[in-house]
Amino acid sequence: MLSIVTLGIYYLVWTTKMCGEVRTVSPNFPDNRSGGNVVLSIIFGGFTLLIWPAINWFKFCASVKAEQQAAGLQPTFNTGLATFLVFVFDTHICYVQSQQNLVVQAAKQRQGVPA
């Protein structure tokens with residue numbers, strides 16, 4: 001909903017921050033794309049008939065699920081549900097963020113930092 005109120009700017013900022021968080025939490029993860037690449041795919045995705053953003057979206061979903069596995073968690077992220085929520089008032093942001101927070105909490109617990 002916030003991305004609608006801010007005319008999409010919030011979504012671009014959130015996407016950039018999420019990609020940065022992926023690099024921070026798991027720096028050795030092989031699929032660490034830059035936030036700039038993902039933001040460009042969102043902005044200019046219409047030129048590729050939304051193929052470029054769709055590829056980045058599914059890679060991003062796969063990376064969240066793989067991060068959960070790498071953190072030693074049982075993967076609970078569901079790409080189909082996240083994709084469905086894209087069309088339900090942008091509620092996928094809440095779902096993806098909550099799943100990413102599980103990874104961050106697990107990483108903090110491994111480092112002995114209170115969550």
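**Entry 1: the largest pocket**

I began with the lining of the largest pocket and sorted it by class: 14 residues are nonpolar, 5 are polar and 2 are charged. I note here that the model is a predicted one.

I then looked up the volume of the largest pocket, which is about 460 Å³. I recorded 21 lining residues, and the ones nearest the centre of the pocket are Tyr11, Ile42, Pro53, Trp57 and Val86.

Which helices supply at least two residues of this lining? I found four entries: H2 (9-25), H3 (35-43), H4 (51-70) and H5 (79-86). I noted H4 as the source of the largest share, with 6 residues.

**Entry 2: Val86**

I turned next to Val86, one of the residues nearest the centre of the largest pocket. I located Val86 in helix H5.

**Entry 3: H5 against H6**

I looked up both values for H5 and helix H6 (residues 92-111): the axes come within 8 Å and cross at roughly 150°.

Which residues meet where H5 and H6 are in contact? From H5 I listed Leu81, Ala82, Leu85 and Val86, and from H6 I listed His92, Tyr95 and Val96. By class, I counted 6 nonpolar residues and 1 polar residue in this contact, with no charged residues.

**Entry 4: the buried side of H3**

I returned to H3, one of the helices that supply the pocket lining. I listed the buried residues of H3 as Gly35, Val38, Val39 and Ser41. I placed these residues on the same side of H3, because they cover an arc of only 160° around the axis.

**Entry 5: Lys17**

Why does Lys17 count as exposed? I read its relative accessibility as 60%, and the cut-off for exposed is over 50%.

I also checked Lys17 against Ser34. I found the two residues 17 residues apart in sequence, with 9.9 Å between them in space, C-alpha to C-alpha.

Methods. Residues are numbered from 1 along each chain as its sequence is written. This is a predicted model: local features need pLDDT of at least 70, side-chain atom pairs count only at pLDDT 80 or more; totals for chains, interfaces and linings use all residues. Side-chain values use heavy atoms; hydrogens and water are left out. On a 1 Å grid over the protein atoms alone, a cavity is a set of points where a 1.4 Å probe fits but cannot get out, and a pocket is an open set with protein on both sides within 12 Å along at least five of seven lines; lining residues have an atom within 4 Å of a point. Grid points are joined across faces, edges and corners, and a volume is the space filled by probe spheres set on the points. Ala, Val, Leu, Ile, Met, Phe, Trp, Tyr, Cys and Pro count as nonpolar, Asp, Glu, Lys and Arg as charged, and the others, Gly among them, as polar. Axes are lines fitted to C-alpha atoms, for helices over the stretch in contact, and angles run from 0 to 180 degrees between N-to-C directions. Contact means heavy atoms within 4.5 Å. Buried means under 20% relative accessible area, exposed over 50%, partly exposed in between (1.4 Å probe, protein chains only). The arc is that of the directions from the helix axis to the C-beta atoms.
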